[in-house]
Amino acid sequence: MKKILLTVAILLAVCLSFPQQVWAFCGFYVAKADTKLYNQASQVIIARKGDRTVLTMANDYQGDVKDFAVVVPIPVSVTKDQVNVGNPKILERLDAFSAPRLVEYYDYDPCAPPLPIYRTQQEAPNVAGGGRRGAMSDQALGVTVESKFTVGEYDIVVLSAKESQGLETWLIQNGYKIPRGAKELLAPYIRQKMKFFVARVNLEEYEKGGYVNLRPLQVAYEYPKFMLPIRLGMINSKKEQDLIIYLLSDTGQTELTNYRTVKIPSNVDVPEFVEKQFGDFYKAMFTRSYEREGKRVAFLEYAWNMGWCDPCAAEPLTPDELRQAGVFWYDPNRPSDVFITRLHVRYDRAHFPEDLRFQNTPNQELFQGRYVIRHPFRGPISCEAGKDYLRKTRQRQEKEAQTLAILTGWDINKIRRQIDFVNVHVKIEETPWWRRLWPERNR
């Protein structure tokens, strides 16, 4: 049986230790936890400045495209020139840029520590349809067609309605395959006098374009309230759903006002073997954090000025890519005026009864989900300081094991068996002090 998905959205170098105000983060990026970790994770981009919003909705539809339908509650009616079919690579770029990441450091030889390097200033790089015959008339159903047009491979209708039963009937009569129970979730939006942006695939245009996957839809509008309806998205599944929201502003972080936002656990040291199991680690850690918070929070996974990154899981978006993401205020003379907030929401009916409400803030605090592997020095040890180093490293490795168990719920003994613990009982062969002065002559 074909899966029918009603997508609902809204205006949906190893580096030394420098002072935090100079280098926020360092290390080599080696892996990231992007949306590919989650089955059918929905993605939405919201670029907003003042009352102006550009919403980009990714379509992760699976099934016959003729059965596809998207119903989006929007606060105002829109016309054809306010709708666009976007580039799916923009979502991939934002995902890669903002995904939680794994970085690695390598311990230096404790018997030959490097000379300190001092820096005084952090420099951020400059980035530059046809007719139909219904059983009841639109008037009788209380439905008004505000506008009707085709953009790319989508036929779009903007509707207003007086009651949810009439709107559900209209959608069914007009060939939209919507799940049962839609009217109960449509009702609150009708009471708020919201419009409904309804899209389905124009098969002729779709085949003509030779598309493999449905491209994202973009809607531009003006409205003072900043919100994202998610309740209609619960029609299709009784299970929890993952939603990744990329919020772009000209000021700073974007915050939720009606649900708590919690920073994902970050800046923790994890054992070396996690590099090969990073996806499993992140999923387990996220789920455990989600359960500990009572399943009623949004997680902040990334907050950063889009003019630079450290470490970079992907290069910052170019000016043209920012425009494609909906950043209408971009000024090449002020490339730092774009701030990204990445929120990860896992929601269901029981724990997220309200739609999401946001506000842009001037908060420029930087944050990223960042996990650190510290590779021990495993060369020959030739000084007493090295013996102390091995002891402390063994303690560090044990702490990493305990941290991993707490974050993920994994069995501590299984974790320990996967760790290559350093040998604290090595025999130290003392090197004459003058040989340490001229090491290149003794190779």
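**Salt bridges and backbone**

Modeller: The side chains of Arg391 and Asp388 meet in a salt bridge, 2.3 Å from N to O. A salt bridge here is a side-chain nitrogen of Lys or Arg within 4 Å of a carboxyl oxygen of Asp or Glu. This is a predicted model, in which local features need pLDDT of at least 70, side-chain atom pairs count only at pLDDT 80 or more, and totals for chains, interfaces and linings use all residues. Residues are numbered from 1 along each chain as its sequence is written, and side-chain values use heavy atoms, with hydrogens and water left out.

Colleague: How many salt bridges does the count come to by this rule?

Modeller: Side chains of opposite charge can pair when their charged atoms come close. With the rule applied, the count comes to 23 salt bridges.

Colleague: In which helix do Arg391 and Asp388 both lie?

Modeller: Helices are DSSP runs (H or I, at least four residues), as are strands (E, at least two), numbered from the N terminus. Arg391 and Asp388 are 3 residues apart, about one turn of the helix, and both lie in helix H8 (residues 384-408).

Colleague: Is Glu400 buried or exposed?

Modeller: Glu400 forms a salt bridge with Arg396, at 3.7 Å from N to O. Buried means under 20% relative accessible area, exposed over 50%, and partly exposed in between (1.4 Å probe, protein chains only). Because its relative accessible area is 5%, Glu400 is buried.

Colleague: Why does Lys208 count as exposed?

Modeller: Lys208 forms a salt bridge with Glu205, and their closest N and O atoms are 3.4 Å apart. Both lie in helix H5 (residues 203-209), 3 residues apart. Glu205 counts as partly exposed, at 28% relative accessibility. Lys208 counts as exposed because its relative accessibility is 59%.

Colleague: Where is the place of Pro311?

Modeller: The peptide bond from Asp310 to Pro311 is cis, with omega near -10 degrees. Pro311 has its place in the loop between strand S17 (297-305) and helix H7 (319-324).

Colleague: What is the phi of Asn267 near?

Modeller: Asn267 sits in the loop between strand S15 (260-263) and strand S16 (268-269). Asn267 counts as partly exposed because its relative accessibility is 43%. Its phi is positive in a residue other than glycine, near 55 degrees.
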